[in-house]
Amino acid sequence: MKLTIRQDPAVSETEITILCPEMNPRLQKLADQIRQYGFSLTAYQDSREFQIPLESVCFFDSADGKTFAYQEKEVYECRETLTALESKLRRTSFLRISKNCILNLCFLKYVEPLYNHRLTAVLTNGEKLVITRSYIDPLKTKLKGASL
């Protein structure tokens with residue numbers, strides 16, 4: 001693979017072009033990760049509003065009717081439901097792993113078995129999340145690249 005980067009101060013918007021003989025699952029995964037760098041998320045802490053880059057979010061979690069975005073060291077409240085986020089993040093590295101959690105697979109370090117046919121997702125920051133039974137197959141598919 002050849003990588004070329006050209007800097008030009010006259011360019012108003014960054015453009016990334018992938019030139020390939022055919023699109024394969026690995027290249028599609030790369031394209032999806034690049035695509036997510038163009039997004040930011042409106043999130044809140046106390047009464048302050050922030051624009052946080054999507055790629056910095058480790059996971060989204062929902063509790064007591066509220067949705068939270070977790071970065072490695074910060075937690076923000078989101079005003080969107082997990083269902084809405086899941087729809088928007090379909091072609092990114094985010095994947096629903098339980099009824100109340102969407103994980104950014106870029107932060108996934110490894111998975112290990114848990115009782116009752118569930119898995120534990122261990123993140124790069126040491127955080128542990130439970131992957132429930134009905135979300136294991138979509139996770140395996142996404143990790144293998146078949147759904148990309």
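User: Which residue stands opposite leucine 108 in S9?
Analyst: Leucine 108 faces leucine 123 of S9. Strands here are DSSP runs of E of at least two residues, helices are runs of H or I of at least four, and both are numbered from the N terminus.

User: Before going on, what is this model, and how are residues numbered?
Analyst: The model is predicted, so local features need pLDDT of at least 70 and side-chain atom pairs count only at pLDDT 80 or more, while totals for chains, interfaces and linings use all residues. Residues are numbered from 1 along each chain as its sequence is written, and side-chain values use heavy atoms, with hydrogens and water left out.

User: Back to S8. How many bridges join it to S9?
Analyst: Six bridges link S8 with S9 (residues 118-123), and the two run antiparallel. Two strands count as paired if DSSP finds at least two bridges between them.

User: And S9 with S10, how many bridges there?
Analyst: Four bridges, again in the antiparallel sense. Within this pairing, valine 122 stands opposite lysine 128 of S10.

User: What about the hairpin of S9 and S10?
Analyst: Four residues lie between the strands, and glycine 126 takes a positive phi near 95°.

User: What is the strand order in the open sheet of three strands?
Analyst: The order is S8-S9-S10, with antiparallel pairing. S8 (108-114) and S10 (128-131) are the edge strands; each has a single partner strand, so one side of each lacks a neighbour in the sheet. From one strand to the next, the twist averages 25°, as angles between N-to-C directions of axes fitted to C-alpha atoms, on a scale from 0 to 180 degrees.

User: Which residues of S10 are on the covered face?
Analyst: Leu129 and Ile131 are on the covered face of S10, whereas Lys128 and Val130 make up the uncovered one.

User: Changing topic: threonine 67, buried or exposed?
Analyst: Threonine 67 is buried, with a relative accessible area of 6%. Buried means under 20%, exposed over 50% and partly exposed in between, with a 1.4 Å probe and protein chains only. Threonine 67 belongs to strand S4 (residues 66-70).

User: Isoleucine 16, exposed or buried?
Analyst: Isoleucine 16 is exposed, at a relative accessible area of 53%. Isoleucine 16 sits in the segment before helix H1 (25-36).

User: Lastly, the whole protein: how many helices and strands?
Analyst: The protein has three helices and ten strands, which follow the pattern α-β-β-β-β-β-α-β-β-β-β-β-α along the sequence. Among its 148 residues, 34% count as buried. Along the principal axes, the C-alpha atoms fill a box of roughly 50 × 40 × 25 Å.
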